[in-house]
Amino acid sequence: MTQGPSPRTAPQVRTIRAPNPSALTGTGTNTYILGTGEVAVIDPGPADDSHLAAILQALGPHERITHILVTHPHRDHSALALRLSQAVSAPVAAFGTATEGRSAAMSALSQAGFPDGGEGLDRSFRPDIRLADGDSLAAGGLSVQAIHTPGHLGSHLCFAAGDILFSGDHVMGWSTSVIAPPDGDMTDYMASLSRLATRPWARFYPGHGAAVDDPAARLSGLIRHRQDRTAQILAALHAAPADAPTLATRIYTGLPAALLPAATANTLAHLVDLAQKGLVEPARPTHPATLFHAT
């Protein structure tokens with residue numbers, strides 16, 4: 001367990017890392033305890049008995065959990081929420097269910113039979129408290145504001161406490177986010193990054209990996225990275241039509257095989273975004289293996 005204060009606001013933040021390391025979760029999911037006394041838990045994590053015990057053991061003798069905040073209902077972040085809620089009699093707060101918050105374009109893909117992105121949707125997740133963009137609640141002795149940041153998932157929230165941000169899977173330091181249509185939306189993701197970049201932040205606490213101590217630089221780097229990927233995809237399509245798997249293999253050179261499905265999902269998300277902008281055109285209704293060509 002680690003503890004790290006924000007350089008400017010310094011609320012107490014305790015980190016308990018879940019024992020679920022993988023190619024997509026890094027060293028595991030970060031569960032955060034915010035505040036002292038009456039505390040909030042952010043992202044309780046996967047349904048793991050030892051992790052539940054670790055969260056409860058991290059509490060002081062006179063501390064109690066008053067709120068459980070979930071950035072988004074992927075199982076590695078939300079599956080433990082109900083059990084923790086029942087154990088401590090605290091409500092679970094989030095944007096909504098796993099498929100809420102999707103853009104019109106992603107909803108249309110889903111309704112047309114496009115398969116889910118496959119990154120562990122927690123379809124059973126139901127929050128007790130629904131938080132809309134800008135809603136605030138008192139948690140951990142602080143005012144915590146929900147910021148709707150669709151992109152990785154339509155129902156993704158970040159949580160701001162002063163000038164620190166619990167950024168879930170939207171912004172991480174160790175890796176970029178997987179954007180897998182129709183769960184993820186590249187258009188929304190880029191807009192959410194740009195929106196976060198308009199505020200001054202001292203530190204980000206992400207869903208995986210270490211804290212981000214230069215949020216402005218990280219946001220700028222992520223935006224630039226996606227813009228570069230867009231340019232690579234367009235250049236490849238101007239040379240010849242291709243589908244997402246083919247483009248991912250060409251563009252993500254040297255990538256471990258375990259990460260190729262995520263790279264393919266990201267590539268497809270870029271293609272869907274470009275199609276909405278009229279810069280590319282699918283050869284038939286969009287599907288994971290649809291052939292795209294530049295317009």
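Author: Strand β9 (residues 142–148) and strand β10 (residues 157–161) run antiparallel and are joined by four bridges. Here strands (E, at least two residues) and helices (H or I, at least four residues) are DSSP runs, numbered from the N terminus, and two strands count as paired if DSSP finds at least two bridges between them. This is a predicted model, in which local features need pLDDT of at least 70 and side-chain atom pairs count only at pLDDT 80 or more, while totals for chains, interfaces and linings use all residues. Residues are numbered from 1 along each chain as its sequence is written, and side-chain values use heavy atoms, with hydrogens and water left out.

Within this pair of strands, Gln145 stands opposite Ala160 in β10. In general, strands of a sheet pair through backbone hydrogen bonds, either parallel or antiparallel.

The two strands belong to an open sheet of five strands, in the order β8-β9-β10-β11-β12, with mixed pairing. At its edges lie β8 (136–139) and β12 (203–206), each of which pairs on one side only. From one strand to the next, the twist averages 30°. Helix α5 (residues 186–196) packs on this sheet and touches β9, β10 and β11 (164–168), where contact means heavy atoms within 4.5 Å. The direction of α5 makes about 145° with that of β9; such angles run from 0 to 180 degrees between N-to-C directions, and the axes are lines fitted to C-alpha atoms, for helices over the stretch in contact.

Strand β4 (residues 38–42) and β5 pair in the parallel sense over five bridges, and Ala40 stands opposite His67 in β5. Strand β5 (residues 64–69) is mostly covered, with five of its six residues buried, that is, under 20% relative accessible area with a 1.4 Å probe and protein chains only, whereas exposed means over 50% and partly exposed lies in between.

Helices also take part in the lining of the largest pocket: α2 (75–78) and α8 (260–276) each supply at least two residues. The greatest contribution comes from α8, with three residues.
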